[in-house]
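Thank you all for coming; I would like to walk through one structure with you this morning. Please have the sequence and the coordinates open as we go.

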Amino acid sequence: MLKQIQGLHHVTSLASDARENNAFFTNVLGLRRIKKTVNFDAPDVYHLYYGDAAGTPGTVMTYFPFPNAKRGEKGIGEVGRTAFSIPTGSSQAWHDRLAAFTVNGIAQDIRFGEKRVLFDGPDGDQFALVESDDNRTPWTGNGVGAEMGIHGFHSADMRLRDPDASAELLGFMGYEKLDTQGNVTRFIVPGGNDANMIDVATHAGAASATQGAGSVHHIAFAVETRARQLEVREALLDTGYQVTPVIDRGYFYAIYFRAPGGVLFEVATNEPGFDRDEGTANLGQTLKLPSQHEHLRAKLQRTLPPLEG
Ligand code: ZN
């Protein structure tokens, strides 16, 4: 069993409109935009990152906004709902705030004894805000103060037809079974980071998801260093997983593999971090390009849609 994985690093999803996506995560949810860059594999599209003040692993929600992308269809074989952690006692304030912004899909429930506010993002992306004890300092602003600010990820939900193989993989990755409620089993990395839980939901008869705007593209798990990442890569290869070579994503190093049931997993390093190419005080303001795409800057500044205004 691996000991290197700490919990979630980031969650990456697809969107249809960059400006709308930016407004939702900053103005409605009150997260900080911590990086404005492009999809390194398709540089005519943004890669937008939102998180806490520093973009701490375990807080980072990222998007590829493909203009006018068709909406995905929910189903099994995907991460269905991404959950953020909020202060105890703040769920009613969040409910009221989301309602004031006419956010879709607002509902409240309790899972594993924790109060949740459920809601949809601009492309029908499914989210939850979960009341939990969490000492991480939230980013504040845009009408979201410390008393209700988002701490970072709480967990992510995998929707699967048959959960057994994924449960085995999570076990191999260092997750332990914590509890079961209905069709949902919760897994946790003991001693992990503050985003150390995955919920596996079983939907035996459901249709497969189709990826599109509002779908999670992949979830990334955090390891401290490149050395730890290579250990994880070797172990996964030895177990028979098809794992990509290490890819430099500028702010972290990434490897990818497909989990049984269809969800794309990444393992990402906590180093070097989002302050690699701009100061923490100025994160996310100006367009940052990796060296291989710097020659496209003038064109991209003309063609990428403005995020503000
Ligand atoms: Zn990623």
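Predicted model: local features only at pLDDT ≥ 70, side-chain atom pairs only at ≥ 80, totals over all residues.

**The metal site and its surroundings**

Along the chain, the donors of the zinc ion follow the spacing H-x207-H-x47-E. The protein donors are His10 and His218, each through NE2, and Glu266 through OE, and they lie 1.9 to 2.0 Å from the zinc ion. His218 sits in strand β13, residues 216-223, and Glu266 in strand β16, residues 264-272, so that this pair, 48 residues apart, links distant parts of the chain. Both are buried, His218 with a relative accessible area of 4% and Glu266 with one of 0%.

Let me turn to helix α4, which covers residues 226-238. Its 13 residues, taken at 1.5 Å a residue, should span 18 Å, and the C-alpha atoms at its ends are 18 Å apart, which agrees. Which residues of α4 are buried? They are Gln229, Val232, Arg233, Ala235 and Leu236. Because these residues cover an arc of only 165° around the axis, they are on the same side of α4. As a general point, an α-helix has 3.6 residues a turn, so residues three or four places apart point the same way. After α4 comes Gly240, with a positive phi near 105°.

Returning to Ile198 and leaving aside its neighbours within four places in sequence, we find it in contact with residues including Leu8, Met158, Leu170, Phe187, Ile219 and Phe221.

Finally, I would draw your attention to a charged residue, Lys35, which lies in strand β2, residues 32-39. Is Lys35 buried or exposed? Lys35 is buried, because its relative accessible area is 0%, where buried means under 20%. What does its side chain meet there? A polar contact of 2.7 Å joins the side chain of Lys35 to that of Asp277, and another, also of 2.7 Å, joins it to the side chain of Glu278.

Methods:
Residues numbered from 1 in each chain as written. Heavy atoms only, no water. Donors = N, O, S within 2.8 Å, 3.2 Å for Na, K, Ca; no water. Helix = DSSP H or I, 4+ residues; strand = E, 2+ residues; numbered from the N terminus. Buried < 20%, exposed > 50% of the residue type's maximum accessible area, 1.4 Å probe, protein only. Expected span 1.5 Å × (residues − 1). Arc of directions from axis to C-beta. Contact = heavy atoms within 4.5 Å. Polar contact = N/O pair within 3.5 Å; in protein donor to acceptor, adjacent residues only side chain to side chain.
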